[in-house]
Every structure is written in C-alpha cells, then in structure tokens.
Amino acid sequence: MTGPANTTGRIVVITGAAGGIGSRLVDRFLANGDRVVASDALPEALAQWRSGYPDDAELVTAAADVASEEDCRSVATIARERFGRVDVLVNCAGYFPFTPFEEMTADGWRRILDVNLTGPFLMTQAVLPLMRDQGWGRVVNFGSGSVYDGTRGQAHYVSAKAGLVGFTRTAARELGRYGITVNLVTPGLTVTKAVRDSFPQEILEAQRLGRALQRDQEPEDLVGPVLFLASPDADFVTGQTLNVDGGKFFT
Ligand SMILES: NC(=O)c1ccc[n+]([C@@H]2O[C@H](COP(=O)([O-])OP(=O)(O)OC[C@H]3O[C@@H](n4cnc5c(N)ncnc54)[C@H](O)[C@@H]3O)[C@@H](O)[C@H]2O)c1
C-alpha cells in the first residue's frame with residue numbers, strides 16, 4: 001500500500017459539508033491537520049458557510065449537486081488541481097423530506113433517489129482515479145437508521161438509504177483490489193439545527209427514551225466513527241455498516 005501511513009495530512013472530500021453533520025466533520029478533519037474539499041449544493045450558501053472559517057484554513061469549497069454527474073466530476077477536478085489526490089471521500093450530502101406514500105410522485109421519488117443513492121455512486125466514481133492511482137483510499141457513505149424502522153412518510157429516502165447498503169458492499173468488493181475501503185455509517189435521528197427547528201419535542205423525547213444512552217444524538221456523535229473508518233486503523237474493515245444511534249431499542 002502506498003497511501004497515507006498516518007492519520008493526518010490527508011486530502012478529504014466531504015459532500016453535504018455545510019450541513020449539520022458535514023460541518024462537524026470538516027471541523028474535525030481540519031483540526032486533525034487534514035486538507036478538506038468541502039462540497040455542498042448551493043454556491044451562495046456554501047460561500048456564506050466558508051466565511052465562518054479563517055481565510056488560511058486548509059479548506060477549499062466546491063459547489064455541486066451530487067445528483068449531477070458533471071458537478072461530481074468538477075469536485076474531483078478541483079481536488080486534483082488543488083491537491084493532486086484524494087485520500088478520503090465522505091458522502092454526507094442528503095435530502096430527507098417527508099411525503100405521505102399516497103402523495104408521492106414518481107418525479108419526487110426519483111429526485112430523492114438521485115440525491116441520496118445516485119449521488120454517492122457518482123461521487124465515488126468521480127474520485128476513484130485519484131484514489132486508485134495511489135493504491136489507498138477511504139469511502140465513507142452516510143446511510144440512515146431509518147432503514148431499520150421504515151420511517152413513515154419517507155419511502156423514497158428509506159429506499160435510497162437501504163440501497164446504499166448494497167452499493168457499499170459491492171463497491172467494497174470491487175475496489176478492495178486498489179486498497180480502497182468502502183463503509184457505511186447509519187445515524188439515528190441526529191439533532192442538527194434543522195431537526196431541532198422542525199421536529200416536535202415529543203419525537204425527540206421518544207428517541208431519547210428509546211436509547212440505551214438516553215440523550216439526544218448530536219452531530220458530533222458521528223465524527224469519531226467516520227474518523228475511525230477513514231483511518232489506517234480501519235485498514236481491514238470494508239463493506240460494513242456501522243450503526244451509530246446510542247443503542248436504539250426496536251420494540
Ligand atoms: N440528521 C439526522 O437525523 C440524520 C439521520 C440519519 C441519517 N442522516 C444522514 O446524514 C447526512 C447528513 O445529514 P444532516 O443531518 O447533516 O443534514 P443537513 O440537512 O444538515 O445537511 C445535509 C447537507 O446536504 C446538502 N445537500 C442536499 N441536497 C444536496 C445535493 N443534491 N447536492 C449536494 N448537497 C446536497 C444540504 O445542502 C445540506 O448542507 C445525510 O446523508 C442524512 O441523510 C441524518
């Protein structure tokens with residue numbers, strides 16, 4: 001293996017980087033001495049988000065809709081031109097609206113699959129040459145604990161995230177020969193600002209009570225598991241799903 005032998009100085013591409021969980025990941029990789037290509041959908045919002053970091057932070061932004069093949073290729077081009085390689089890809093972008101099954105349209109269904117399932121496929125393909133050439137790489141996909149309980153109103157999203165289990169296992173098998181691992185993290189309901197603003201307190205309380213560890217799940221709770229999967233400590237871990245939900249009981 002010719003890639004990074006330690007856990008710092010890596011080139012890390014993160015989609016959904018301006019989001020609740022993505023931005024905590026950016027903070028941690030930067031604090032760790034890594035360099036980050038932070039991607040998110042809206043150029044203005046991404047620029048606004050970037051302005052919260054010092055100018056000299058090892059942080060480059062790349063606006064992209066992960067559902068667009070061209071946009072994903074442009075993120076890889078930015079990473080290549082700026083840093084010459086990619087060590088870690090975190091497919092964190094996600095879009096999770098609620099739509100009752102009977103009101104779900106085919107177009108709505110397709111869009112959610114495009115963002116949540118096709119997006120990680122397109123991003124992984126786009127950065128693949130930049131990992132393959134160095135014989136080392138880490139792909140961490142973001143699934144969702146909703147696949148275990150079939151969250152109401154999210155047939156499209158739950159189906160897309162369940163698809164990522166299969167994508168992760170097959171991609172792991174095909175890319176292992178290049179020293180690339182592919183794993184999946186499935187968070188429980190995580191109290192980002194968007195969740196805090198939009199979910200009723202009763203739902204958050206029910207989540208707390210349904211866990212072995214009876215507190216809110218915070219974005220920071222996903223950071224350690226992702227850092228582990230991105231590290232050489234996880235060299236022999238691939239095709240796996242790491243469920244991070246505080247020990248939720250399914251009764
Ligand atoms: N918050 C939770 O409770 C929870 C639970 C399970 C799984 N997840 C997953 O964790 C990941 C991060 O979620 P979060 O809670 O930080 O959500 P968030 O909404 O705070 O962040 C998601 C980010 O993805 C970006 N995004 C949406 N559509 C995009 C597109 N087409 N192209 C590029 N970027 C796009 C958004 O702009 C946003 O910045 C997602 O994949 C989500 O499905 C979240």
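An open sheet of seven strands runs in the order E3-E2-E1-E4-E5-E6-E7, with parallel pairing. Two strands pair if DSSP finds at least two bridges between them. Helices (H or I, at least four residues) and strands (E, at least two) are DSSP runs, numbered from the N terminus. Strand E3 (59-63) and strand E7 (241-244) stand at the edges. Each has a single partner strand, so one side of each is left without a neighbour in the sheet. Neighbouring strands are turned by 20 degrees against each other on average, direction ignored. Axes here are lines fitted to C-alpha atoms, for helices over the stretch in contact; angles run from 0 to 180 degrees between N-to-C directions.

The model is predicted: local features need pLDDT of at least 70, side-chain atom pairs count only at pLDDT 80 or more, and totals for chains, interfaces and linings use all residues. Residues are numbered from 1 along each chain as its sequence is written.

Strand E6 (residues 180-187) pairs with E7 in the parallel sense over four bridges. Proline 187 stands opposite valine 244 in E7.

Helix H2 (residues 43-50) touches strand E2 (35-40) and E3. The direction of H2 makes about 165 degrees with that of E3. Helix H4 (residues 106-132) touches strand E1 (11-15), strand E4 (88-91), strand E5 (137-142) and E6. The direction of H4 makes about 175 degrees with that of E4. Contact means C-beta atoms, placed from the backbone, within 7 Å.

H4 has 27 residues. From first C-alpha to last, H4 reaches 36 Å, close to the expected 39 Å (1.5 Å times one less than the number of residues). H4 bends by about 45 degrees at threonine 118 (the angle between axes fitted to the seven residues ending there and the seven starting there). Proline 120 follows within four residues.

Now the ligand. Of the 27 residues around the ligand, Gly16, Gly19, Gly20, Ala93 and Gly94 come nearest (C-beta, placed from the backbone, within 6 Å). Helix H1 (20-31) and helix H7 (193-198) each supply at least two residues of this shell. H1 gives the most, with three residues.

Methods: Two residues are in contact if their C-beta atoms, placed from the backbone, lie within 7 Å.
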